[in-house]
Amino acid sequence: MEIDIYKHRSFKACMSDALEILTHHWRSALRQNWIAALVFSIFASITTIFHLPFLALRDWGIEYPLSSWIIQTIVYLGCFVSALFLVLSILRWVHQCKTRNIIRKIKHIGHYIVLGVRHFGGLLTILLLSSLIIACLMAIVALPAIVLSLSQIYAQIGAYLGDPVGLPNYFVGLMFVVFTITWFVFVIFATWEIVALYLYYGSAEKQEQEKIKLNHETN
C-alpha cells in the first residue's frame, strides 16, 4: 500500500481520499489495528458500564474503597493508554512506517501544533463534518447498546427504591459484549476521521515546505 501523504488536498479531498483508502485497504487496516482496537474497545466498554447506575457495584465500592479505587484507576488508565496506542497504530498503518519513526515525529509536537494553528479552519471543518457523520451512523449502530443502557438505568432506579432488579444474571455480561462491539465499530468510523486529519496535516506540511522554498528562491 502506497499513500501519498504529502499531496495538495482540500478538506473535502482529505475526507474522500481517507474513505477511499480505507475502502480499498480495509483488510490491511484490520489486520494491523484490530488488536489495538479490541483492547481499547474492552477498556471503553468497562468504563461505560462503570458510568451506569449499579447499586451492587456501588455498595461493593463503599465496602472496599481501596480495591474500588485500584480497579477504577487501572480501567481508566488502561482506556487512556490503549486509545493512544490505537491512534499510534492507525498512523503507523497509514504512513506504512515503523513505530519509532512515528514517535520521532511526535517529538516535534511543537511544529505540528503551530502547523495546526495555521491551518485550524480546515482541521476544524474536517473534525466537525466527520464527527457529525459518525454521530449519525453511531445513532443507528448503538441502538442495542442504548436499549441495554436504558434497561440498566430503569432497573437500578427501581433497585434504589427497593424493588427487585428484574434483570437476568447474564445481563452485565451481555452489556459488556454489546458495548465492546459498539465501541469496536466506533473505532472503525473514527479511523476514517483520523486518516482524514492526517492527510490534511500532510497537505498542510507540503504547502509550508513549498512556501519556504519559494521564499528562499525569491530572496
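**Exercise 1.** How many aromatic pairs does the structure hold? Describe the pair formed by Phe50 and Tyr76.

*Solution.* The structure, a predicted model in which local features need pLDDT of at least 70, side-chain atom pairs count only at pLDDT 80 or more, and totals for chains, interfaces and linings use all residues, is numbered from 1 along each chain as its sequence is written. Side-chain values use heavy atoms, with hydrogens and water left out.

Step 1. The structure holds four aromatic pairs (Phe, Tyr or six-membered Trp rings with centres within 6.5 Å; planes under 30 degrees apart are stacked, over 60 edge-to-face, the rest tilted).

Step 2. In one of them, the ring centres of Phe50 and Tyr76 lie 6.5 Å apart and the ring planes stand at 85 degrees, so this pair is edge-to-face.

Step 3. Because Phe50 belongs to helix H2 and Tyr76 to helix H4 (DSSP runs of H or I, at least four residues), the pair ties together parts that are 26 residues apart in sequence.

**Exercise 2.** At what angle do the axes of helix H2 and helix H4 cross?

*Solution.* Step 1. The axes (lines fitted to C-alpha atoms over the stretch in contact, with angles from 0 to 180 degrees between N-to-C directions) of H2, residues 26–50, and H4, residues 65–95, come within 9 Å and cross at roughly 155 degrees.

Step 2. That crossing makes H2 roughly antiparallel to H4 (over 145 degrees; under 35 is roughly parallel, 65 to 115 roughly perpendicular, the rest oblique).

How values were computed. Helix = DSSP H or I, 4+ residues; strand = E, 2+ residues; numbered from the N terminus.
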